[in-house]
Amino acid sequence: MKNKKKLTAEKIAKIVMNIIIVLALIVILFPFYWLFLTSIRPKSEIFNISSLITLKPHIGNYKMVFTERPFARYILNSFVIGLETTIISIVIASFAAYAIAKTNISPKIKNIVLSLSLAVSMFPQITIVSPIYVMVKNLGLRNSFFGLLIPYTTFSLPLAIWYLTTFYQGVSHEIDEAAKIDGCNTFQIFYKIITPLIAPGIFTAAILIFISAWNEFLFALVINTDDIWRTVSVGIVMFQGRYTIPWDEISAAAIVVMIPLVLMVFIFQQRIVSGLTAGAVKE
């Protein structure tokens, strides 16, 4: 009897858990469904909130996004600046993280250095947008990719350094010593031996940096004001007119912007998970 009651209780618990998961998924995914629904609805149905489907779906909004607006240019700008930010941040963060992890200094000092570097990313962007704008303007970098590289890299580096340091610290010192015995210098140990071992962590950090740069809005709005240099996040905001807001076109553009990120996560989800979990395990 006790075993039967136990099995019944376990079944009930599983059913309840499955119901909770389904409800959570509905709550999470419904806004995305409504966004997609708005993107394929005709203008006459946009404000019909009582209907969860549309009887006249069309892709005209997607065509208008690319034909009547320079949306392809916005996507190219975001991709280029995101890729540049990712490469620069990962290269600098790898060197910095390796130096912090392998330098023979007190762990307390290492924690202080990491905490101070991480504190940089804690500042609200609005508090430093003015000095960064003045600096970029004085350097003549407004309306360019290089103008956005400065703030993007500034905010990406601290988290990347802190994240990669945990991976470099997880690599055994015996590996370093064995490489030195084989005749490798410090730089060879760094890029030939140690860095390949933490590839999942580097890959995960790169994806997070790229997504952050792809979605950034404030600096892109302030620094790049010419339409040809705008990123997708700013370009979508500029869809609205003085008296009207084209929700159908905005929804279509938002769906297009999300597709690369969703595909990236689906394709590389195993690497992302392994990267996020590997750094949490210490020997």
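Hi everyone. A pocket, as I use the word today, is an open set of grid points with protein on both sides within 12 Å along at least five of seven lines, and its lining residues have an atom within 4 Å of a point. Please keep in mind that this is a predicted model.

Let's begin with the largest pocket. About 350 Å³ of space lies in it. Its lining is made up of 18 residues, and those nearest the centre are Phe155, Ser156, Leu159, Leu208 and Ser212. Which helices each supply at least two residues of that lining? They are helix 6, residues 145-170, and helix 9, residues 199-215. Helix 6 has the largest share, with eight residues.

Now on to the second largest pocket, which has a volume of about 150 Å³. If you'd like to find it on the screen, look for Tyr98, Lys102, Asn104, His173, Asp176, Glu177, Lys180, Thr186 and Ile189, the residues that line it. Helix 3, helix 7 (173-181) and helix 8 (186-197) each give at least two residues to this lining. Helix 7 contributes the largest share, four residues. By class, the lining of the second largest pocket splits into two nonpolar, three polar and four charged residues.

In soluble globular proteins, nonpolar side chains tend to be buried together. In this model, the largest nonpolar core has 24 residues, and Leu164 and Tyr168 touch the most other members. Helix 3, helix 6, helix 8 and helix 9 each supply at least two residues of this core. Helix 6 again deserves a mention, as it gives the most to this core, with seven residues. So what is Leu164 in contact with, leaving aside its neighbours within four places in sequence? The list is Ala93, Ser94, Ala97, Gly201, Ile202 and Ala205. There is also a second, separate core of 19 residues, including Val65, Tyr74, Ile207 and Trp214.

Let me finish with the charged pairs. How many salt bridges does the structure hold? There are three.

One of them joins the side chains of Lys43 and Asp248, at 2.7 Å from N to O. This pair links distant parts of the chain, 205 residues apart: Lys43 sits in the loop between helix 1 (2-40) and helix 2 (60-67), while Asp248 is in helix 12, residues 247-267. Asp248 is buried, with a relative accessible area of 1%.

Helix 12 comes up again with Glu249. The side chain of Glu249 meets that of Arg69 in a salt bridge, 3.0 Å from N to O. Glu249 lies in helix 12 and Arg69 in the loop between helix 2 and helix 3 (71-102), so this pair ties together parts that are 180 residues apart in sequence. Glu249 is buried, at 5% relative accessible area, whereas Arg69 is partly exposed, at 23%.

That leaves Arg230 and Asp227, whose closest N and O atoms are 2.8 Å apart in their salt bridge. Here Arg230 is buried, with a relative accessible area of 16%, because anything under 20% counts as buried. Asp227 is partly exposed, at 32%.

Technical notes. Residues are numbered from 1 along each chain as its sequence is written. This is a predicted model: local features need pLDDT of at least 70, side-chain atom pairs count only at pLDDT 80 or more; totals for chains, interfaces and linings use all residues. Side-chain values use heavy atoms; hydrogens and water are left out. A salt bridge is a side-chain nitrogen of Lys or Arg within 4 Å of a carboxyl oxygen of Asp or Glu. Buried means under 20% relative accessible area, exposed over 50%, partly exposed in between (1.4 Å probe, protein chains only). On a 1 Å grid over the protein atoms alone, a cavity is a set of points where a 1.4 Å probe fits but cannot get out, and a pocket is an open set with protein on both sides within 12 Å along at least five of seven lines; lining residues have an atom within 4 Å of a point. Grid points are joined across faces, edges and corners, and a volume is the space filled by probe spheres set on the points. Ala, Val, Leu, Ile, Met, Phe, Trp, Tyr, Cys and Pro count as nonpolar, Asp, Glu, Lys and Arg as charged, and the others, Gly among them, as polar. A nonpolar core is a set of buried Ala, Val, Leu, Ile, Met, Phe, Trp, Tyr and Cys residues joined through side-chain atoms within 4.5 Å. Contact means heavy atoms within 4.5 Å.
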